[in-house]
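Biologist: I would like to go through this model with you. Please give the cut-off behind each term.

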Amino acid sequence: MKRLHRFFQTPEAIAGALILALLVAIALAAPLLFPGDPQAIAGPALLPPLQNWSLPLGTDRLGRDVLAELFHGARTSLAVGLAAAAAALLVGAVVGTLAGFAGGLIDEVLMRITDAFQTVPSFLLALAFVSIVGPSLGVVIAAIALGAWTGPARVARAEVLSIRERDYVAGARVIGMHPLEIAFREVLPNALPPVLALSSVIVAAAILTEAALSFLGLGDPNRVTWGGMIAEGRTVLRTAPLLSIVPGIALVLTVLGVYLAGEGVVESTAVRRSLS
Amino acid sequence: MSGLPISRRGLLAGSALLLASTALPAIGRAQTPKKGGRLIVAADSEPRNLNPAIVASNGVFFISSKVVETLAEASFDGKDGLQPRLALSWEGSADGRSVTFKLRDGVKWHDGKPFTSADVAFSALQVWKPLQNLGRTVFKDLEAVDTPDKLTAVFKFAKPTPFQLIRNALPALSSVVPKHVYEMGKIEDNPANNAPVGTGPFKFAEYKAGQYYRLARNDAYWDKDEPYLDEIVYQVLPDRTSAAAALEAEEIQLAAFSAVPLADLDRISKVPGLKVITKGYEGLTYQLVVEINHRRKELADLKVRQAIAHAIDKDFVVKTIFLGYAATATGPVPKNDPQFYTADVPIYPFDVAKANELLDEAGYKRADDGKRFALKLLPAPYFNETKQFGDYLRQALAVIGIDAQIVNNDSAAHMKAVYTDHAFDLAVGPPVFRGDPAISTTILVQSGIPDGVPFSNQGGYKNADLDALIAKASETLDTSARTGLYKEFQKMVAADLPLINVAEWSFISVARDTVGNIANNPRWAVSNWADTFLAG
Amino acid sequence: MTRALTLLRRRLVGSVFVLLIVVIGSFLLLEAAPGDAVDAYIVSTGGDAGMIELLRHRWGLDQSELTRLANYLWALLHLDLGQSVTFSRPIRDVILERLPSTLILMGSATALSFGLGSALGIYAGARPGSFRDRFLSIGSLALYAVPGFWLGLVLIVVFAVDLRWLPIGGIETVASAKTGVARARDIAAHLVLPVSALGFIYLALYLRMMRAGMAEAWRQDFVLAARARGLPRRRIVLAHVARNALLPLVTMLGLQSAQMLGGSVVIESVFAVPGLGRLAQEAVAGRDTPLLLGIILVSAVLVIVINLLVDLAYAFLDPRVGAGEAVA
């Protein structure tokens with residue numbers, strides 16, 4: 001409770017939390033408010049906003065309801081962001097823990113692989129991966145995670161290195177626990193907080209990467225995404241600018257919300273730490 | 001350059017009031033040919049091989065056709081739709097075994113050597129027949145080219161070959177390259193493939209990868225008055241929206257091949273100083289086609305194919321996806337073809353009830369969730385419109401209870417998936433009609449084509465009657481009999497639906513008012529631009 | 001100096017392994033791709049079965065994967081990057097032609113985001129928690145949240161089309177035959193928009209890091225001591241607080257270098273800059289495996305070299321030196 005209170009101390013964190021809450025509400029409400037396929041043709045093409053109250057934001061190039069697309073797009077953007085971040089954090093934490101706990105050759109090999117991934121621009125990697133495997137939601141998530149797990153891996157390793165010599169780890173060794181069990185039962189959970197602190201940055205980056213991939217035509221064609229909407233809308237950027245501005249603003253707000261909320265969490269925990 | 005636009009803009013702003021009253025004379029002035037100037041054109045891709053004798057494709061022609069000329073060019077009013085270029089006349093023998101070309105005198109290659117019949121013989125036998133993407137089919141029976149004198153080339157065919165086909169193939173397939181440049185070493189590795197040498201009105205000057213191609217005036221061109229322009233520069237603009245911006249910013253003067261997206265044309269036509277031109281592509285018709293994999297048991301059923309044809313609202317496609325810059329299709333030959341087209345074929349009007357009925361009859365009843373069966377739909381990624389039509393088709397099929405899942409691939413993966421692996425149920429393709437069904441149209445439905453051949457029947461469709469008809473037409477020499485057979489061909493294709501022709505479209509050019517003599521032949525964008533000029 | 005040399009040696013040995021992993025990994029990834037260079041090529045030409053077989057043979061695509069990987073690595077040992085199948089030219093030449101554009105774009109964008117970011121960071125961090133601090137930090141974050149391609153499109157419409165202050169794209173005026181100063185000015189004018197689009201996005205990173213570092217530094221003993229001594233605030237901010245907060249930013253420079261290159265893929269495409277990012281995209285689309293390997297290799301080497309330089313710089317700018325001086 002106290003922590004929650006501390007989280008809401010800065011206006012930035014409040015704003016971030018509000019944006020995220022709104023976004024989650026939109027994502028949850030999408031199938032209720034706009035049942036059926038959001039990509040279905042709902043009216044005449046390129047209907048301007050505020051002309052027809054059943055289509056408040058108008059329609060796109062094919063006559064699809066922009067508001068319905070926007071709502072359903074929130075689901076995809078959030079799903080991609082969260083899933084990619086979860087995958088990146090999981091892989092990173094496991095690799096980092098293994099490397100830090102095992103040390104020696106395993107550490108060396110794992111860290112060189114991490115280096116290799118870090119030297120290749122992650123967007124280039126994602127671009128190549130999606131072009132090659134073919135764009136679907138799962139592939140896009142995997143491609144983003146592929147370029148994002150190295151940060152968590154490094155942080156986890158550094159944290160594990162400092163934890164591994166602690167008393168309770170030595171204790172676990174003494175009672176004969178399997179090293180892997182020690183690594184994942186005792187060490188990993190304790191190394192997790194600083195790794196999780198990276199999650200907001202990764203979620204935000206994932207949402208932006210998905211948008212950029214969609215912009216280059218590498219999004220899942222069977223789902224509405226904001227990036228895909230911008231990409232579609234940019235051919236009519238001058239004639240119907242709102243078609244790309246509206247999803248653009250949604251994207252910026254979401255990323256901003258994720259950052260601000262994430263920062264609020266980090267700060268509130270940091271304050272707690274420095275107090276304790 | 002950086003200082004110029006500002007002063008010009010100032011001028012325009014200052015004379016805005018005057019402009020309204022003097023608009024007509026301004027347009028009139030643009031029509032007076034004028035010598036000199038640099039025309040800057042948008043290019044959206046960079047062809048790797050610029051030799052049009054090897055790669056007969058519009059991407060290559062767009063640049064190379066100004067450098068390397070063909071024997072004849074397409075024409076709005078010439079006999080058989082042709083006008084002379086390197087050949088002055090062409091005559092086919094009655095037995096279909098030979099074609100005689102009389103060549104233009106006094107033509108010189110860009111390196112100063114004279115152009116002779118030996119060059120034509122070399123190009124035909126060493127390049128078109130063995131190496132060219134289209135020539136390998138059309139010239140497959142070419143046996144020899146006799147050169148009785150320097151200005152006569154006689155093509156000899158092993159089997160009777162319709163003269164009509166050869167004639168129709170001339171504008172795209174007959175780029176003549178210099179023998180003396182290509183006779184040493186392997187033709188495919190010749191450096192001239194990247195810096196072509198020809199007889200055209202412009203010489204290839206330089207290429208900066210990722211930036212531009214520059215062509216310079218050929219002062220020794222055979223037509224003494226032409227070309228008008230000093231230079232043509234192709235500025236590489238990979239992004240789809242940048243051509244419109246560059247036109248408006250007066251950085252380029254011409255964007256051909258619909259480099260300005262269709263959806264932007266309405267707005268850009270109202271920008272002062274810019275004009276939208278829909279002519280000049282009559283000879284380059286692209287067809288929007290639903291390719292069907294007949295290996296799927298549902299799609300092997302004619303009723304299902306008919307249902308799909310009835311489910312597609314062709315008018316909507318033309319109006320919404322092509323914004324009116326297209327025509328609905330009835331069959332495998334486009335409506336604008338003057339020689340072969342027939343409207344007398346079975347048609348499939350947009351009728352959802354009929355489509356549902358046909359599917360019910362075929363035995364594919366709707367399940368509880370309203371769906372009959374699921375399909376994999378692969379729209380070709382090459383054009384914005386093919387992708388958009390894929391999105392539309394998915395919706396149109398959903399209405400009749402067919403659940404189509406779109407698979408987006410990039411070009412290479414699409415090629416492999418559809419034409420080699422056959423990993424598709426429906427695909428959206430943009431085949432090109434090249435003036436004669438035998439060049440690249442019959443191959444779309446003919447059986448027995450090896451796996452991996454692009455833009456061909458890879459859907460496993462087999463119809464012995466249709467194959468026989470195609471074979472018969474390919475050896476019919478009499479023009480009207482041959483034309484009749486191709487009309488029959490259109491009927492059979494429209495009746496049995498090996499594929500569904502949805503629409504036919506061409507491209508749009510946007511240019512500044514100052515660019516003159518645009519679109520004066522049916523293949524203008526890929527012709528030699530000798531008479532194109534810049535006024536003012 | 002010996003410390004720097006040890007670091008250099010250790011890094012170089014490690015780098016060889018890293019590069020080997022990068023090459024083999026990328027090769028396997030590309031081999032898994034559906035469609036090869038021939039499939040990509042015939043999209044624009046069409047052709048019959050015989051022609052396709054001919055092309056596969058000419059481009060060496062009928063050999064086994066292992067043979068091609070072995071050949072590639074063997075050639076690489078001789079510092080030969082091979083031949084590009086789509087450009088039919090040596091890959092070294094193709095890459096060298098594009099490298100300057102990318103380097104100048106990335107260099108300028110980094111300089112912009114680092115310079116402006118740290119300067120604004122100092123301005124914001126001079127009074128932590130103040131209005132300008134909050135405003136700058138949120139404003140820069142909003143910029144960071146803007147997709148780069150979107151910012152690029154808007155910049156083009158506003159500054160190149162409507163206002164016509166700047167060219168819409170490219171690295172220089174095409175076929176202008178400009179030389180010397182005129183050419184440099186021309187290139188600079190072409191760089192303004194893409195550099196802004198790329199640089200403004202990463203601005204937030206440096207700004208916020210600087211600001212956070214400064215907030216931290218204000219609480220440090222030596223700053224408290226300096227304040228107790230009654231030094232002017234301006235001097236404390238610049239000489240003590242900012243100086244100490246600058247070091248992590250230098251590390252960030254190294255870490256960001258790889259990401260900048262990724263971000264430039266989209267920016268280069270929007271602004272028609274003939275750089276490595278766009279070349280990479282073309283290589284993927286054209287299934288030009290050796291070319292993409294070459295690009296990845298060159299960019300990996302670039303990233304490794306930048307990080308090495310950053311590490312060396314760090315070794316010279318040891319934080320304790322600054323702190324010690326401040327206390328003394």
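Biologist: How many residues does the contact take from chain A and from chain B?

Modeller: Chain A gives 20 residues and chain B gives 22 residues; two residues are in contact if their C-beta atoms, placed from the backbone, lie within 7 Å. This is a predicted model, where local features need pLDDT of at least 70 and side-chain atom pairs count only at pLDDT 80 or more, while totals for chains, interfaces and linings use all residues. Residues are numbered from 1 along each chain as its sequence is written, and chains are lettered from A in the order in which they are written.

Biologist: What makes chain B agree with a compact globule?

Modeller: The rule is 2.2 Å times the number of residues to the power 0.38, with the radius of gyration taken over C-alpha atoms. For 536 residues a compact globule would have a radius near 24 Å, and chain B has 25 Å, so the two agree. The C-alpha trace of chain B spans about 70 × 65 × 40 Å along its principal axes.

Biologist: Why is helix α6 of chain B called mostly covered?

Modeller: A residue is buried if 20 or more other C-beta atoms lie within 10 Å of its own, exposed if 12 or fewer, and partly exposed in between. In α6, residues 163–173 of chain B, 11 of 11 residues are buried, among them B:F163, B:R167 and B:L173. A helix here is a DSSP run of H or I with at least four residues. Across chain B, buried residues make up 56% of the 536.

Biologist: Which residues does A:L127 touch, leaving out those up to four places away in sequence?

Modeller: They are A:L213, A:L216, A:L218, C:V265, C:Q281 and C:V284.

Definitions and conventions
Helices (H or I, at least four residues) and strands (E, at least two) are DSSP runs, numbered from the N terminus.
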